[in-house]
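Please look over the structure shown below before reading on. The notes that follow are grouped by topic.

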Amino acid sequence: MKIHFAYYNQYKNGIDIAFADNTLLFLSCAEAERNLHTTPNSQRLIDNLAIDNPLMYAALALDCELQDWADAMDEDWSP
């Protein structure tokens, strides 16, 4: 399916994705992040990812790779 658009819905704290065939998908950020172990830095980056690049956030969450991404972001960051 071809994606028409995706955006972060601040009122629902999730990603709204619309496909070209008028199918709608909602991904709850709270549910996607429920069992994640994050630092303040990785949580900030996850929040920014959901807002700035909702398709990448959704792909990582649906592939169960959000924890790996957060861990990699913490490894790359040095104060």
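Leaving aside its neighbours within four places in sequence, which residues is Pro54 in contact with? They are Ala6, Tyr7, Tyr8, Ile15 and Leu49. The model discussed here is a predicted one.

- Phe5 has Ala18 in β2 as its bridge partner.
- Ile15 in β2 is the residue that stands opposite Tyr8.

- Pro54 has a relative accessible area of 9%; buried means under 20%, so Pro54 is classed as buried.
- Between the C-alpha atoms of Pro54 and Glu75 the separation is 22 Å, and these two residues are 21 residues apart along the chain.

**Asn9 in strand β1**

- Asn9 is found in strand β1 and, at 9% relative accessibility, counts as buried.
- A polar atom of the Asn9 side chain lies 3.0 Å from the backbone nitrogen of Tyr11.
- Apart from neighbours within four places in sequence, Asn9 is in contact with Gly14 and Asp16.

**Rings**

- The structure holds 1 aromatic pair.
- The pair is formed by Phe5 and Tyr7, with 5.9 Å centre to centre and 20° between the planes.
- Why is this pair called stacked? Planes under 30 degrees apart count as stacked, and the planes of Phe5 and Tyr7 are at 20°, so the pair falls in that class.
- Phe5 is partly exposed, with a relative accessible area of 39%, and Tyr7 is partly exposed with a value of 38%.
- Another ring, that of Phe26, has Lys12 over its face, at 5.4 Å from the ring centre.

**Residues with positive phi**

- Asn13 is not a glycine, although its phi is positive, at about 55°.
- The place of Asn13 is in the loop between β1 and β2; the hairpin of these strands has 4 residues between them.
- Is Asn13 buried, partly exposed or exposed? At 32% relative accessibility, Asn13 counts as partly exposed.
- Cys64 is a residue other than glycine with a positive phi, near 60°.
- The loop between α3 and α4 (66–76) is the place of Cys64.
- Cys64 has a relative accessibility of 67%; exposed means over 50%, so Cys64 counts as exposed.

Key:
Residues numbered from 1 in each chain as written. Predicted model: local features only at pLDDT ≥ 70, side-chain atom pairs only at ≥ 80, totals over all residues. Heavy atoms only, no water. Phe/Tyr/Trp six-rings, centres within 6.5 Å; stacked < 30°, edge-to-face > 60°. Buried < 20%, exposed > 50% of the residue type's maximum accessible area, 1.4 Å probe, protein only. Lys NZ or Arg CZ within 6 Å of the ring centre and 35° of its normal. Pairing = 2+ DSSP bridges. Helix = DSSP H or I, 4+ residues; strand = E, 2+ residues; numbered from the N terminus. Polar contact = N/O pair within 3.5 Å; in protein donor to acceptor, adjacent residues only side chain to side chain. Contact = heavy atoms within 4.5 Å.
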